[in-house]
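The sequence and structure come first.

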Amino acid sequence: MRKTRSRTTMVLLIALLVVIGIVVFIVRMFTDSSQWIQHTYNGHLSGNGGLSAAGTIYDRNGVILAYSEDNLRLYNSDFTTRLSTMHVVGDDSLNVSSAIQSSYRSNLTGYNCILGLGLPKFIKTGSDITLNLDAEACNAAYNALEGYNGAVAVYNYKTGEFICSVSTPTYDPLDPPEITEENEAEYDGVYVDKVLAGRYTPGSTFKIVTAAAALENIPGIEDEVFTCNGSTKIGGKEITCMHVHGELTMKEGLAQSCNVVFAELAQRLGKDKMTDMAKRMGFNDTYKINGTVTAKSTYNVSSANENDLGWSGIGQYTTEANPMQMAIMCGAIANNGEVVVPNEIKKGIGIVESAADNTSGKRLIDAELAQKLDEYMRYDVTSYYGDDLFPTLTVCAKTGTAEVGEGKEPHAWMVGYSKDEDAPLAFAVIVENGGYGYSTAGPVAVAAMEACASVLRNE
């Protein structure tokens, strides 16, 4: 009797596990099947990476970026457009994992978890996707990079519309490169969308964070006068500045990008206050852009000595920034401290069409601090870069020249936003080994921002 009861219990346990397994499989079939079908081992997705009968991808103005015809996946007829939009659109493969053709392959193919894949087009539940991206704006940014590697991001900080996103190096999706040992240096990073996945030393663009921490934590800091003789000694070692600025306030120090001012501020603020502000500004965290998690910008001074802390305050030491995070930070400053997460997709069946995300509506800093940073970043432009730099826009910005060592030229940065009501745009530009931020990243930012402003103003 005892043996029979034991066997019965075992059978019931096995039956219960089988039932649980079936339930889990059914649940996962509904929740994950759209991802399962994208794997390369799926024989149903043969030819053109399974996109030979996929939907069309349009830019915001109806320009066709990718489409299927005669059992082939084809792309825009313009060579520059194919290059400039490749990292957002993708190619026939899954090499660019964050691209629309990778992330939303099931939507493009019209996959349905009940009816499956490969249904006649007239039965499919809709497979076209319209992006917020503007092809002409991307072309303008791509051309302005003039062969440099880097990243350009411009988005509407009020609506979240991601209008311009360019990453280089790139390639023609109609003629993907065969990467070998001989040419791998030429194509290093070609499969990475650097807007979302890049991480770079931020250089002086990080002084925005240090300024925010000082404004919030050091009473009377705006009235203090600093002295820059070309260097300062912190922790027994020198921190150098590119110029001898003489006496200047923190506001003037930001405009003239004085290392002495911001290294001394970081030392006074200390590790905890610097880390707290960096965290609030998006460092040591990520954002999710249409299902793709951005690379994490990092600020870690836990093991830093006094001199290291000083260098961290000017965006050096081990600090790294993601271009998308820097654009979002600037957008939040423009938006009185609140984040609106960028959104690549304007319309697509089964796709969330708004910028809503669990980080949208999140407040980075209070409105008063945001307005003070707005004043400082506007002063950067009017007093130092020149208000005529952006011909049709009222811009607040900060440049950066990030030292990367190994005898290489510094990375060139420019980040900021426009205050114009008809063109509320935030941007980040990084030009790898481009030298000075103002002279190299500046023209790229101007080209991208003016093109995006024209898009909004002509709609």
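Glu-224 is partly exposed at 26% relative accessibility, where buried means under 20% relative accessible area, exposed over 50% and partly exposed in between (1.4 Å probe, protein chains only). The model is predicted: local features need pLDDT of at least 70, side-chain atom pairs count only at pLDDT 80 or more, and totals for chains, interfaces and linings use all residues. Residues are numbered from 1 along each chain as its sequence is written, and side-chain values use heavy atoms, with hydrogens and water left out.

Glu-224 pairs with Arg-268 in a salt bridge, with 2.9 Å between the closest N and O atoms. Arg-268 belongs to helix α9 (residues 259-280) and Glu-224 to the loop between α7 and β7 (226-228), so the pair ties together parts that are 44 residues apart in sequence. Arg-268 is also partly exposed, at 43%. A salt bridge here is a side-chain nitrogen of Lys or Arg within 4 Å of a carboxyl oxygen of Asp or Glu; helices (H or I, at least four residues) and strands (E, at least two) are DSSP runs, numbered from the N terminus.

The structure holds 19 salt bridges. Another of them joins Glu-320 and Arg-199, at 3.3 Å from N to O. Glu-320 sits in the loop between α10 (306-312) and α11 (323-334), and Arg-199 in the loop between α6 (194-197) and α7 (207-217), so this pair links parts that are 121 residues apart in sequence. Relative accessible area is 25% for Glu-320 and 40% for Arg-199, and both count as partly exposed.

## Helix α12

Helix α12 has 19 residues (367-385) and should span 27 Å at 1.5 Å a residue; its end C-alpha atoms are 26 Å apart, which agrees. The expected span is 1.5 Å times one less than the number of residues. Just after the helix, Gly-386 has a positive phi of about 105°.

The buried residues of α12 include Leu-369, Leu-373, Tyr-376, Met-377 and Val-381, as well as the charged Asp-374, Arg-378 and Asp-380. Within the helix, Glu-375 and Lys-372 lie three residues apart, about one turn, and form a salt bridge at 3.1 Å. Glu-375 is partly exposed at 32%, as is Lys-372 at 22%.

## Nonpolar cores

The largest nonpolar core has 73 residues, and those touching the most other members are Met-250, Leu-265, Met-281, Met-324, Leu-373 and Tyr-417. Helix α9 contributes the most to this core, with ten residues. A nonpolar core is a set of buried Ala, Val, Leu, Ile, Met, Phe, Trp, Tyr and Cys residues joined through side-chain atoms within 4.5 Å.

Beyond its neighbours within four places in sequence, Met-324 is in contact (heavy atoms within 4.5 Å) with residues including Tyr-155, Phe-162, Leu-196, Ile-289 and Pro-342. Another core, of 49 residues, lies apart from the largest one; among its members are Leu-133, Phe-390, Ala-412 and Leu-425.

## Cysteines

How many disulfides are there? The count is zero, with a disulfide taken as a pair of cysteine sulfur atoms within 2.5 Å. The sulfur of Cys-164 has its closest cysteine sulfur in Cys-138, 4.4 Å away, too far for a bond. Cys-396 is in no disulfide either, with the nearest cysteine sulfur, that of Cys-330, at 9.5 Å. Cys-164 is buried at 0% relative accessibility, and Cys-396 is buried at 0%.
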